[in-house]
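Please open the model in your viewer and keep the sequence panel beside it. The tour below goes from one selection to the next and says what is found at each stop.

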Amino acid sequence: MLLYKKHLHRAAVALTLLFIPAVLSAGPSPSGYYYQIKIYHFKTPEQESILDSYLKTSYLPMLHQKGFSNVGVFKPIETDTADRKIYLFIPFKNWKSIETFNAEAPNTMAVNHQGYTNAAYNKPAYSRIETIILSAFVTRPRPLAIKLTGDRAKRVYELRSYESPTEALHNNKVRMFNSGETDLFDRLGFNPVFYGSVIAGSHMPNLMYLTTFNDRADRDKHWDAFGKDAQWQDLSGRKEFQNNVSKADIIFLYPTPYSDF
């Protein structure tokens with residue numbers, strides 16, 4: 001009987017070890033959040049003014065009324081005058097909430113705003129809207145509260161996108177994050193907001209995450225420490241995690257005065 005229990009225990013441990021990598025690279029847990037990033041593309045200062053007014057006075061108040069919190073509105077620090085952008089981050093508690101929200105879109109998303117809702121066909125408030133949907137990592141299933149102490153006007157938010165050559169290598173990179181990379185960001189005080197796999201967007205397969213800093217010098221200091229950290233050197237040097245990113249985009253953002261964070 002004792003021998004039987006030992007064999008049973010060993011079998012259970014073996015199954016657990018086989019299961020862990022699959023969990024770490026799998027989709028969201030049942031309690032995991034989904035994130036929507038809406039990017040408003042526009043060209044003129046007049047359009048920017050209309051978008052700011054719409055988001056500040058109409059859209060965010062509507063989201064808050066519906067129970068949404070930690071809604072972020074950001075602008076690029078380095079402006080491309082040919083394609084200006086405003087980034088809107090909305091966290092959804094589950095897939096049902098994002099389905100319900102979008103089902104109500106015709107009535108609730110077009111909040112009455114003269115310059116935005118009723119814009120003429122030849123005078124729109126934007127050039128185009130880009131939408132990205134992400135599922136939260138299983139080890140970080142919900143957005144995190146940031147703890148910054150510096151002047152809000154000097155803050156630097158760093159949005160990163162890591163594209164992979166294949167879906168399998170994308171899952172491998174997600175597993176790399178879940179195997180210690182997110183823990184390293186926490187330990188070094190990167191003030192992350194979210195980590196997620198893109199499940200709908202124009203650049204796939206890829207993952208995205210957002211870290212926040214008091215200012216640019218604070219950001220550079222953190223990344224310098226990250227690159228020198230023994231845990232990162234061990235993790236990035238592992239054979240199993242090689243060649244899992246084919247393109248990395250880094251976008252430096254700052255929060256608008258009316259953003260929740």
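Begin by selecting Met176, Ser179, Gly180, Glu181, Asp183, Leu184 and Arg187 in helix H6, together with Gln231, Trp232, Leu235 and Ser236 in helix H8, since these are the residues through which H6 and H8 meet; contact here means heavy atoms within 4.5 Å, and helices (H or I, at least four residues) and strands (E, at least two) are DSSP runs numbered from the N terminus. The residues of this contact divide into four nonpolar, four polar and three charged, where Ala, Val, Leu, Ile, Met, Phe, Trp, Tyr, Cys and Pro count as nonpolar, Asp, Glu, Lys and Arg as charged, and the others, Gly among them, as polar.

This is a predicted model, in which local features need pLDDT of at least 70 and side-chain atom pairs count only at pLDDT 80 or more, while totals for chains, interfaces and linings use all residues. Residues are numbered from 1 along each chain as its sequence is written, and side-chain values use heavy atoms, with hydrogens and water left out.

Now show the whole of H6 (residues 167–187) and H8 (residues 230–237), whose axes come within 10 Å and cross at roughly 160°; axes are lines fitted to C-alpha atoms, for helices over the stretch in contact, with angles from 0 to 180 degrees between N-to-C directions. H6 and H8 are therefore roughly antiparallel to each other (an angle over 145 degrees).

Next, select Tyr40, Leu55, Tyr59, Leu60, Leu63, Leu88 and Ile90, which touch the most other members of the largest nonpolar core, a set of 24 residues. Such a core consists of buried Ala, Val, Leu, Ile, Met, Phe, Trp, Tyr and Cys residues joined through side-chain atoms within 4.5 Å, and buried means under 20% relative accessible area, exposed over 50%, and partly exposed in between (1.4 Å probe, protein chains only). Strand E1 (34–42), helix H2 (45–65), strand E3 (84–92) and helix H3 (95–103) each supply at least two residues of this core, and H2 gives the most, with eight. Apart from this core lies another, of 21 residues, including Ile39, Ile146, Leu159 and Met208.

Finally, move to the loops. Between strand E6 (192–200) and strand E7 (206–213), find Pro205, where the peptide bond from Met204 is cis, with omega near 0°. In the loop between H8 and strand E8 (247–255), select Asn243, which has a positive phi of about 60° although it is not a glycine, and which is exposed, with a relative accessible area of 65%.

Terms used. Parallel < 35°, antiparallel > 145°, perpendicular 65-115°, else oblique.
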